[in-house]
Amino acid sequence: MATILDDISRTFSEYLLIPRLTRKGQRPDQIDLSTPLSAVEGNNAARFSINIPVVSACMQSVSGTRLAVALARQGGLSFIYCSQAIETQAEMVRLVKSHKAGFVQSDSNTTKTESLEGVLALMGRTGHSTVPVTHDGTASGKLEGIITDKDFWEFEDDLTRSVGEHMTPIEEVIFGREGISLREANQLLHKHKKDCLPILDDKGHLTALVFKKDYEDHRRHPLELLDESKRLCVGAAVNTHDYQQRVPALLQAGADVFCFDSSDGFNEYQLDGIRWIREQYGNDIVIGGGNVVSAEGFDFLVQEGGADFVKVGIGGGSICITREQKGIGRGQASALLEVVKRRDEYHAETGRYIPICSDGGLANDTQVVVALAMGADFVMMGRYFAMTEESPTPKTSINGQMYKPYWGEGTRRAQNWQRYSEDMSTRDLKFEEGVDAYVPLVGTTAEVLDTTLFKLRGTMINVGADSLAEFREQAVLTLVSEQSVIEAGTSNVFQFNSGRIVDDNSWGNPN
């Protein structure tokens with residue numbers, strides 16, 4: 001007969017944190033939210049870490065290029081979805097990596113012989129008001145000058161005249177030499193009161209541009225996640241069918257981290273994929289596995305495969321119906337607690353620390369906090385980011401309220417048949433493991449994260465923790481009853497809702 005577990009499948013909403021001692025001098029701006037994504041060997045530093053414990057889900061309706069850029073600027077990481085052609089996923093990764101902090105390759109260039117009308121059209125297409133003038137009109141040509149929208153008047157000057165007649169010639173251009181530091185480049189901008197500084201090699205060819213606005217932007221995003229070349233970091237999802245072709249292409253595009261995207265990662269196909277990556281690239285690649293909901297699944301991916309991090313969660317996503325359709329899964333809190341316990345035992349046994357990602361089952365900011373307190377190193381969210389301005393789906397007005405489409409990777413709309421059938425000749429999806437829905441538009445990624453992280457830092461102070469590692473060690477959680485949930489809400493008060501008074505006075509209320 002089947003094995004029946006004694007425990008109850010529990011969710012995050014069934015737990016509360018018990019306050020611990022808050023120390024004098026603790027402040028939200030001093031809380032360290034950085035966390036590792038790669039395995040940590042002994043006392044060595046992690047090969048890859050993020051600055052806030054948040055990543056976006058590998059979903060078509062979530063992790064596009066705009067979201068990836070916005071999240072990296074806040075210190076988190078997006079995983080560009082793999083339910084698309086290899087070439088298009090690689091191009092999305094490449095676009096994110098082109099956002100180098102400080103040094104930017106010019107993608108708006110012209111020649112001296114181009115007309116003002118032509119350069120005006122170029123400015124309109126790209127949105128750039130500063131255009132380098134090179135001998136061949138390329139981003140790496142010999143610099144001959146700079147033209148900006150301040151060098152001519154659209155409705156006063158003759159737009160048939162050449163760029164060379166209006167540009168600032170190279171003899172008058174302030175520039176930096178290749179090898180200059182970003183700090184030195186910004187000092188030149190400040191000294192000469194310029195908005196743009198071209199960077200040239202020893203032969204006078206353009207290699208990059210440094211903008212004043214990028215310096216100001218970086219100051220506004222002190223936690224932005226950058227690689228060694230000061231480019232924004234981005235992750236990429238892979239599947240178990242074409243990873244031998246997909247991984248090399250994504251590496252060439254600049255992907256920093258990889259993870260297998262699967263509703264159930266406890267399978268030999270994923271084990272083969274992780275092993276192949278390790279054989280080809282050793283530990284140079286950070287690769288995550290999942291999803292699992294048990295200690296057995298953790299051991300399979302880590303001990304047998306060598307995964308850097310493990311995603312936990314099956315059937316807990318807001319648009320996931322895997323539990324309903326297939327009868328498999330587990331309450332997210334129970335799954336996370338078991339895997340975290342096994343992770344800690346494995347760490348004690350081997351000295352190797354494996355970061356845990358809690359994926360799904362998060363309905364609000366409080367549950368994000370509880371997941372991290374239970375031992376997750378970071379959380380992966382879909383709906384949370386689907387509701388932001390930067391998610392890739394179009395805004396839609398429904399009854400005066402703005403919404404965005406949101407669908408799961410297990411839906412027909414995602415057309416991600418590879419997750420369900422080895423037979424690529426058929427595209428007949430027998431059943432779906434997700435739904436197609438809408439979510440309300442709530443604001444920008446920066447705005448929603450600001451609120452979530454402020455709550456997290458506040459709770460960490462309540463527990464007396466200055467880092468996520470301390471938070472996990474010092475957290476004390478208690479189960480809550482149905483009545484204590486009711487007690488936690490408002491009662492015995494009057495509230496205004498949509499212009500009318502709502503009676504929330506339970507005493508004497510016949511209902």
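Guide: What follows is a set of questions about the terms applied to this predicted model.

Visitor: What does the protein contain in helices and strands, and how much of it is buried?

Guide: There are 15 helices and 26 strands in the protein. Of the 511 residues, 49% are buried. Among the contacts with a separation of 6 or more, 63% join residues 24 or more positions apart.

Visitor: Why is valine 54 called buried?

Guide: Buried means under 20% relative accessible area. Valine 54 has 2%, so valine 54 counts as buried. This residue lies in strand E5, residues 54-56.

Visitor: What is valine 54 in contact with, beyond its neighbours within four places in sequence?

Guide: The contacts of valine 54 include Leu71, Gly76, Leu77, Phe378 and Leu449. A contact requires heavy atoms within 4.5 Å.

Visitor: What makes E5 and E6 a pair?

Guide: Two strands pair if there are at least two bridges between them. E5 and E6 have two bridges, in the parallel sense. At one of the bridges, serine 56 has serine 78 in E6 as its partner.

Visitor: How do you know that both faces of strand E6 are covered?

Guide: In a regular strand the side chains alternate between the two faces of the sheet. In E6, residues 77-80, Leu77 and Phe79 are on one side, with Ser78 and Ile80 on the other, and all of these are buried.

Visitor: Which residues meet where H1 and H13 come together?

Guide: Leu67, Ala70, Leu71 and Gln74 are the residues from H1, and they meet Thr445, Ala446 and Leu449 in H13.

Visitor: What is the crossing of H1 and H2 like?

Guide: H1 and H2 make a right-handed crossing. Their axes come within 9 Å and cross at roughly 35°. Thr65, Ala68 and Val69 in H1 meet Met92, Leu95 and Val96 in H2.

Visitor: Why are E7 and E11 said to stand at the edges of their sheet?

Guide: The sheet is open and has four strands, in the order E7-E13-E12-E11, with mixed pairing. E7 and E11 each have a single partner strand, so one side of each is left without a neighbour in the sheet. Helix H4, residues 182-192, packs on this sheet and touches E7, E11, E12 and E13.

Visitor: How many bridges join E7 and E13?

Guide: E7 and E13 pair over two bridges, in the antiparallel sense. Phenylalanine 103 stands opposite valine 210 in E13.

Visitor: Is threonine 110 buried or exposed?

Guide: Threonine 110 has 5% relative accessibility, and under 20% means buried, so threonine 110 counts as buried. This residue lies in the loop between E7 and helix H3. Its contacts, leaving aside neighbours within four places in sequence, include Val131 and Ile147.

Visitor: What stands opposite valine 131?

Guide: Isoleucine 147 in E9 stands opposite valine 131. E8 and E9 pair over five bridges in the antiparallel sense.

Visitor: Why is E9 called largely enclosed?

Guide: Five of the six residues of E9 are buried, so the strand is largely enclosed by the rest of the structure. E9 is also joined to strand E10 by two bridges, and the two run antiparallel.

Visitor: How do you know that the span of helix H10 is close to what is expected?

Guide: H10 has 19 residues and reaches 27 Å from its first C-alpha to its last, and 27 Å is expected at 1.5 Å a residue. Just after H10, glycine 351 has a positive phi of about 80°.

Visitor: What covers the buried residues of H6?

Guide: The cover includes helix H2, strand E14, strand E15 and helix H7. The buried residues of H6 are Tyr243, Arg246, Val247, Ala249, Leu250 and Ala253. Glycine 254 follows H6, with a positive phi near 110°.

Conventions: Residues are numbered from 1 along each chain as its sequence is written. This is a predicted model: local features need pLDDT of at least 70, side-chain atom pairs count only at pLDDT 80 or more; totals for chains, interfaces and linings use all residues. Side-chain values use heavy atoms; hydrogens and water are left out. Buried means under 20% relative accessible area, exposed over 50%, partly exposed in between (1.4 Å probe, protein chains only). Axes are lines fitted to C-alpha atoms, for helices over the stretch in contact, and angles run from 0 to 180 degrees between N-to-C directions. The expected span of a helix is 1.5 Å times one less than its number of residues. A crossing is left-handed if the near helix is turned anticlockwise from the far one by less than a right angle, and right-handed if clockwise.
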